[in-house]
Amino acid sequence: MPFRLRSSDTSVEEGFRRIACERLDEALALIRGVEEPPARIVHQLRRTCKAMRGLLRLVRPAFPAYQTENAAFRDIAAMLSGARDSAVLIETLDSLNDADEARQDWTTLRSHWAVPGHDAAGAMAEQIEGCRAPFLAARVRAPTWALSARGEDAILPGLRKTYRQARQAMRGLEAVSGTPAAAQASHAWRKHVKYHGQHVRLLSRLNPEQAKRRLARIDRLGDLLGDRHDLDMLIARLRQDGGLLSDPAAAAQLAALAHKRAEALARKATRLGKALFAEKPSDFAAHWAIPPHRR
């Protein structure tokens with residue numbers, strides 16, 4: 001379902017509530033359904049939490065209940081972690097093993113990180129059932145959400161803030177590039193880029209041409225930073241589990257290969273990010289003004 005404000009919305013507040021209710025209805029339908037694999041449901045529910053937090057951030061300066069509602073979706077997302085993270089670790093490990101310079105037997109690590117199929121499905125089913133009540137409670141609250149500002153005053157401050165945070169996070173990563181702090185800085189930038197992308201999608205009808213061009217680059221940047229995050233997660237786990245390998249050199253080789261690929265991704269992301277975030281926040285926000293008849 002399109003996740004954006006519509007011309008048929010009589011106000012920003014109405015559109016805000018409509019989008020929230022639609023996304024929560026989708027989440028509850030997934031939880032009730034039985035035809036989707038548990039891993040896919042967990043993935044989609046986590047995406048719903050991120051989308052809801054992005055929506056709330058857009059109107060944050062005008063939404064008095066922001067702190068409470070943002071914490072609610074953060075807590076739901078925390079309930080949906082675990083088994084899927086193990087799968088990402090193994091996928092990342094396998095992608096490194098496909099590299100020409102690797103060709104190592106890391107079966108011990110794969111076995112240690114893998115969750116048996118039955119256990120993984122059962123754990124995910126419990127996670128899905130556990131988040132039913134908080135999603136339903138949010139759906140009950142959403143129709144009552146109210147904003148303290150109208151029109152562009154309800155959205156442009158949040159748009160500027162998220163754009164500014166993404167810009168600052170990019171510079172923060174540049175400042176610590178090549179150091180142990182780079183992993184955390186990259187993850188922080190990725191989060192802000194995702195929120196910025198959600199805001200551009202939400203407001204795409206205000207500037208369709210720019211939104212189309214910008215979203216393609218935002219998605220590419222998100223993919224680069226996502227792959228970098230998976231590698232950083234693998235590197236962190238290697239510090240704990242590298243000793244499981246019988247050959248210490250194999251663990252060192254794996255870590256070096258992951259670091260090399262992570263730094264290459266970071267360089268690509270920074271080049272793309274400098275083009276995306278070249279404008280000042282106020283200049284960027286000016287492209288998304290609401291026509292007077294729709295305020």
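In which hand does helix 1 pass helix 2 at their crossing? Helix 1 passes helix 2 in a left-handed crossing, where left-handed means that the near helix is turned anticlockwise from the far one by less than a right angle, and right-handed that it is turned clockwise.

Before I go further, a word on the basis of all this. This is a predicted model, in which local features need pLDDT of at least 70 and side-chain atom pairs count only at pLDDT 80 or more, while totals for chains, interfaces and linings use all residues. Residues are numbered from 1 along each chain as its sequence is written, and side-chain values use heavy atoms, with hydrogens and water left out.

As for confidence, the chain averages a pLDDT of 88, and 92% of the residues score at least 70, pLDDT being the predictor's confidence in each residue, from 0 to 100. Among the elements of the chain, the lowest mean pLDDT, 78, belongs to helix 5, residues 107–113, and the highest, 98, to helix 7, residues 132–141. Helices here are DSSP runs of H or I with at least four residues, numbered from the N terminus.

Let me return to the first pair. Two packed helices are described by the angle between their axes and the distance between the axes. Helix 1, residues 12–32, and helix 2, residues 38–58, pack at an angle of about 165°, and their axes are 10 Å apart; the axes are lines fitted to C-alpha atoms over the stretch in contact, and angles run from 0 to 180 degrees between N-to-C directions. Helix 1 and helix 2 are therefore roughly antiparallel to each other, a term for angles over 145 degrees, with under 35 counting as roughly parallel, 65 to 115 as roughly perpendicular and the rest as oblique.

Among the residues that make the contact are Cys21, Asp25 and Arg32 of helix 1, and Arg132, Phe135 and Arg139 of helix 7. The contact of helix 1 with helix 7 has eight nonpolar, no polar and four charged residues.

Now to some single residues. Leucine 58 is found in helix 2, and at 2% relative accessibility leucine 58 counts as buried; buried means under 20% relative accessible area, exposed over 50% and partly exposed in between, with a 1.4 Å probe and protein chains only. Not counting residues up to four places away in sequence, leucine 58 touches Ala154, Ile155, Gly158, Leu159, His199, Leu202 and Leu203.

Alanine 125, in helix 6, residues 117–130, is partly exposed, with a relative accessible area of 40%. Alanine 125 and isoleucine 31 are 94 residues apart in sequence, yet 9.4 Å apart in space, C-alpha to C-alpha.

Finally, arginine 239 lies in helix 10, residues 208–241, and counts as exposed at 63% relative accessibility.

Key: Helix = DSSP H or I, 4+ residues; strand = E, 2+ residues; numbered from the N terminus. Contact = heavy atoms within 4.5 Å. Nonpolar A, V, L, I, M, F, W, Y, C, P; charged D, E, K, R; others polar.
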